[in-house]
Amino acid sequence: MGVEREDGSAGVDDAELRQLQALNRMPGPSGEVPTGTAPRPRNRDAELLVTGHALAQVTSLGEALDLVAQLAGPHLPLGAQAVFRADREVLHCVGNVGLHDEDDTHRMLRLPLDSVHPATQVARTGRPVFLASPEEFQERFPVGWQLSDRDSHRTWAFLPLSTYGQLTGVWMAAFDAPTPLTDERGTFLLTVARLLGQSIEQTYDGQADRALSQSLRSSMSRIGPGVDGLTLAARYVPTGGGLMVGGDWFDSITLPSGRLGLVIGDVQGHDVHAAGLMSQLRTAIHAYAAEGHGPDAVLVRASHFLNSLGEGRFATCIYLEADPATGTLRIARAGHPHPVLRLPDGTSLLKHVRGGLPLGLDLGEDNYPVSVVTLRADEILMLCTDGLIESGGHDMYSGWLRVRDALAPGTPDDLDAIADRLMNAVVDAPATASGERPAGSSFTEDDIALLLLRRDPSGARAVRSGRHLRFTLEQDEAQGLADARIEFQGLLHDWTRPEQVDTVLLLVSELLGNVLVHTEQAATLRADISGARGARRLRVEVTDRSDDVPHRRAPGELSSSGRGLLLLDLLAQRWNIRPEPEGKTVWFEVDEDGPDEP
């Protein structure tokens with residue numbers, strides 16, 4: 001309303017509150033409360049402190065007015081209340097208690113600020129209006145008297161509601177009996193009005209936050225079903241800040257040529273401000289992708305956009321383009337957790353993709369390399385925020401094991417069932433069977449966003465057995481050797497002979513390292529597992545486009561190279577080198593029920 005007036009904040013600590021709550025009944029010298037004596041008068045200061053403490057926790061205007069109504073008594077015959085707020089040039093009633101149910105006058109009351117009414121006079125001047133009798137009300141405000149609940153009350157007080165020195169509304173208190181305005185009673189009513197004004201503004205802020213978060217959550221629930229050949233499932237669970245949405249989000253974008261864009265991200269923080277930034281960033285990324293920019297360019301532009309807002313917050317994000325015809329995924333990552341690849345038999349692998357810094361960090365490094373992953377029929381790519389992994393006190397490792405176990409059961413047919421099973425496994429679930437949290441980890445609430453993308457089989461349903469892994473290692477990706485080992489560990493997580501897993505990791509590292517050291521080409525790795533458990537066969541192929549064929553050597557004791565083919569000959573059941581039209585392929589096989597290693 002723009003009326004400035006002095007205002008102080010009312011605060012009370014729990015110790016003072018308990019002390020004043022006890023003032024109504026004081027113990028005697030023996031420590032007992034005397035009996036057979038008249039009760040002490042109600043202590044108004046204690047009542048104010050108790051009421052103020054409760055008002056700070058209400059979530060609606062109705063709750064606040066009900067609390068104030070509890071102050072009524074013989075010395076304050078409070079019978080009804082109403083609260084008025086300004087909407088541009090009009091004062092309107094937003095809530096009331098104690099008025100006649102059959103009289104909707106106050107509930108529908110709208111008063112121009114220049115009208116003659118006690119509430120509008122308070123709004124214009126910022127000063128209270130006290131009407132000691134119906135006759136005074138009728139004489140001073142004849143129009144207002146016609147609108148009032150005339151037959152029920154004898155005295156009225158209209159007091160300003162203010163927050164941080166700004167007048168925000170008017171509180172009407174109507175009394176059932178004549179109530180003289182003494183200095184003590186006037187001070188008491190002004191204090192109640194100050195507490196009520198602060199409480200009402202708090203509830204309005206909370207309602208605005210909830211309305212914003214509800215709108216954002218509704219927009220995320222409208223994610224599309226995917227495109228022909230690709231099926232989508234998405235879930236969002238807000239678990240931080242008490243809002244219906246936080247800083248996590250996902251989105252799908254229809255791109256030219258039948259391609260599909262997917263994005264998932266997490267803005268720093270769990271408050272409504274994070275939700276607002278998330279909404280802006282989500283819209284910006286959608287627009288950049290719809291313009292036809294590639295994944296790397298989308299993230300570069302999004303990082304600049306977030307930094308330009310000047311909010312000092314960052315965001316992690318993954319954006320990918322999916323081609324349903326080929327299953328090719330072009331992925332760019334900005335500080336976000338790696339995707340997870342679920343194979344048709346339920347095995348899940350962390351799919352390591354290259355990445356850059358989180359969005360919004362102005363460090364002069366706008367490099368978001370694009371990784372290419374091929375999704376085969378009935379394979380599912382999972383994108384999630386860190387809340388899915390770390391909820392319930394888990395760290396990234398133990399949380400990943402929980403996610404892996406939840407992804408394993410069932411077939412890939414029902415994507416929604418897989419998504420629901422994941423949510424049920426992590427939301428409100430105890431960390432251990434005994435309900436204890438993992439040792440050394442703290443429980444932190446966070447939002448959870450989840451996207452599942454499945455490549456559908458074309459034509460008749462494909463019947464595929466076993467597991468399959470594809471991995472490409474570029475010359476500038478030495479870190480990819482460690483990533484390949486981690487993915488192989490996931491591929492062989494239930495291999496019955498652990499010593500063979502170590503053997504496979506050694507041979508894979510040797511073959512990929514040879515390509516990086518002895519050629520200038522990328523290495524393409526293919527791994528396939530076939531057969532029944534306990535008698536499975538693993539075949540690994542590493543292909544590069546170099547024509548240089550490796551030869552068996554007899555390295556000296558101190559030699560740092562030359563042992564690759566020797567290791568294959570000693571540790572693999574079968575191996576060979578196959579020439580290709582461009583380059584060569586080195587392959588080996590290991591049988592789960594094969595002979596013991598030398």
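**Strands and helices of a predicted model**

Modeller: An open sheet of five strands runs in the order β9-β10-β11-β12-β15, with antiparallel pairing; strands (E, at least two residues) and helices (H or I, at least four) are DSSP runs numbered from the N terminus, and two strands pair if DSSP finds at least two bridges between them. This is a predicted model, in which local features need pLDDT of at least 70 and side-chain atom pairs count only at pLDDT 80 or more, while totals for chains, interfaces and linings use all residues. Residues are numbered from 1 along each chain as its sequence is written, and side-chain values use heavy atoms, with hydrogens and water left out.

Biologist: Which residue of β10 does I253 stand opposite?

Modeller: β9 and β10 (residues 260-267) pair in the antiparallel sense over seven bridges. The residue of β10 opposite I253 is G261.

Biologist: What share of the residues in the chain is buried?

Modeller: Buried means under 20% relative accessible area, with exposed over 50% and partly exposed in between (1.4 Å probe, protein chains only). The chain has 16 helices and 22 strands. Of its 598 residues, the buried share is 48%.

Biologist: Which elements do the buried residues of α14 pack against?

Modeller: Helix α14 (residues 480-491) has twelve residues and reaches 16 Å from its first C-alpha to its last, close to the 16 Å expected at 1.5 Å a residue; the expected span is 1.5 Å times one less than the number of residues. Its buried residues are G480, L481, D483, A484, E487, F488, G490 and L491. Contact means heavy atoms within 4.5 Å. The elements they pack against are β14 (348-350), β18 (467-473), α15 (498-518), β19 (523-530) and β20 (537-544).

Biologist: Which residues form the covered face of β19?

Modeller: In a regular strand the side chains alternate between the two faces of the sheet. The uncovered face of β19 holds T524, R526, D528 and S530. The covered face holds A523, L525, A527 and I529.

Biologist: What is the bridge partner of I529 in β20?

Modeller: β19 pairs in the antiparallel sense over seven bridges with β18, where L469 stands opposite A527 of β19. β19 and β20 also pair in the antiparallel sense over seven bridges. In β20, the partner of I529 is L538.

Biologist: Which residue takes a positive phi in the hairpin of β19 and β20?

Modeller: This hairpin has six residues between the strands. The residue with a positive phi, near 100°, is G531.

Biologist: At what angle do the axes of α15 and α16 cross?

Modeller: Axes are lines fitted to C-alpha atoms, for helices over the stretch in contact, and angles run from 0 to 180 degrees between N-to-C directions. T503, L506, L507, E510, L511 and N514 in α15 meet G564, L567, L568 and L571 in α16. The axes of α15 and α16 (residues 564-571) come within 10 Å, and the crossing angle is roughly 155°.

Biologist: How far apart are the axes of α12 and α13?

Modeller: The contact is made by R402, V403, A406 and L407 of α12 and I418, R421, L422, A425 and V426 of α13. Helices α12 (residues 396-407) and α13 (residues 415-426) pack at an angle of about 140°, and their axes are apart by 9 Å.
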